[in-house]
Amino acid sequence: MKSDESPSPYLEQAQEYADALANIGEPVKDKDLVMLVIAGLRDEYHSLKGNIVARQFPPAFSELHALLADHDFLVRKAEPVPPTQVFSAVTNPTPPAPGLLGPSNDGLYTFCLPRIQDVPKVAFSTARVSSKTWHQRLGHPHHQLLNTMFSKYCLPISDKPCSFVCDTCLVGKSSKLYLPLSNYHSSHILDLVICDVWGPASVSSYDGHSYFLLCVDHYSKFMWFFPLKLKSYVFATFRQFITMVERQFKTKLISVQTDWGDEFSKLSPFFLERGIIH
Ligand SMILES: [Zn+2]
């Protein structure tokens, strides 16, 4: 731990090392990680070190942040408070009477008064709660803001900061409702073919294709992929596709499902003529 390093970045770095070792198949046990972190603490954490080492069951790594934050707070609270100079203006410019002499500065006499103790804002709680609970209590702030509040105000948490996914935030920030589940069942090939067109691609293919038409048979899940140079080729390509599959499988296409994009809207008269449900 560096001389000016606060607990949060120190612990985060330790966690990163542990994750890196786990990724190469050499995971570090939680208690070993705790002991390594404790051993690397600065001298000012001497009392905390002794306390943790003397425990029968050392704390989990996830509890260290709160323990270090509590220790920091208690140390700051015990530091002597520097006096504050308060200036008082005198209306009478005549020298003070003997016995009331004191240091003056341009006609102002200074009084040394104890300053109101400047205690940092710290949240205390008898029970540590998860970072998700703090996220909910504080009105669902962003992870970055929540992390700042954890380190600045020493919020007591019982887990790794921001190691959760908030369903409420996900739903609140979604711009579309989820699609309802379909209970459609197909019993034969070509009962239903689902089609979509994708493009334009930012880089065209070697042959100059920028779009593709994808057709998926609902029954067999077989897919047909057609690269297209222009979106306007969808109509002709789809007609060729129907002719080909109906001949190959000796059955008629019953229905087609699309997203009703422009390219498929133009196919509506064709579907009506062939009796295909769209
Ligand atoms: Zn949330």
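Start with strand β5 (residues 211-217), which is joined to β6 by 6 bridges, the two running antiparallel. Strands here are DSSP runs of E at least two residues long, and helices are runs of H or I of at least four, both numbered from the N terminus; two strands pair if DSSP finds at least two bridges between them. This is a predicted model, in which local features need pLDDT of at least 70 and side-chain atom pairs count only at pLDDT 80 or more, while totals for chains, interfaces and linings use all residues. Residues are numbered from 1 along each chain as its sequence is written.

On to β4, which pairs with β5 in the antiparallel sense over 6 bridges, with Trp-198 standing opposite Phe-212 in β5. β4 also has 3 bridges to β7, but here the strands run parallel, and Leu-192 sits opposite Ser-255 in β7.

Put together, that's an open sheet of 4 strands in the order β6-β5-β4-β7, with mixed pairing. Because β6 (223-228) and β7 (255-257) stand at the edges with a single partner strand each, one side of each has no neighbour in the sheet. On β4 (residues 192-198), Val-193, Cys-195 and Val-197 make up the covered face, while Leu-192, Ile-194, Asp-196 and Trp-198 are on the uncovered one.

Now for the nonpolar cores, meaning sets of buried Ala, Val, Leu, Ile, Met, Phe, Trp, Tyr and Cys residues joined through C-beta atoms within 7 Å. Buried means 20 or more other C-beta atoms within 10 Å of the residue's own, exposed means 12 or fewer, and partly exposed is in between, with C-beta atoms placed from the backbone. The largest core has 15 residues, and those touching the most other members are Leu-33, Val-34, Val-37, Phe-61, Leu-64, Leu-155 and Ile-157. Helices α1 (7-23), α2 (30-39) and α4 (61-78) each supply at least two of its residues. Domain 1 (1-79) and domain 2 (119-171) both contribute, so this core lies between them; the domain bounds come from an automatic or database domain assignment. A second, separate core of 14 residues includes Val-193, Cys-215, Leu-228 and Phe-238.

Finally, find Cys-154 in the loop between α6 (143-153) and α7 (167-173). Cys-154 counts as buried because 22 other C-beta atoms lie within 10 Å. Its C-alpha atom is separated by 10.0 Å from that of Ser-8, 146 residues apart along the chain.
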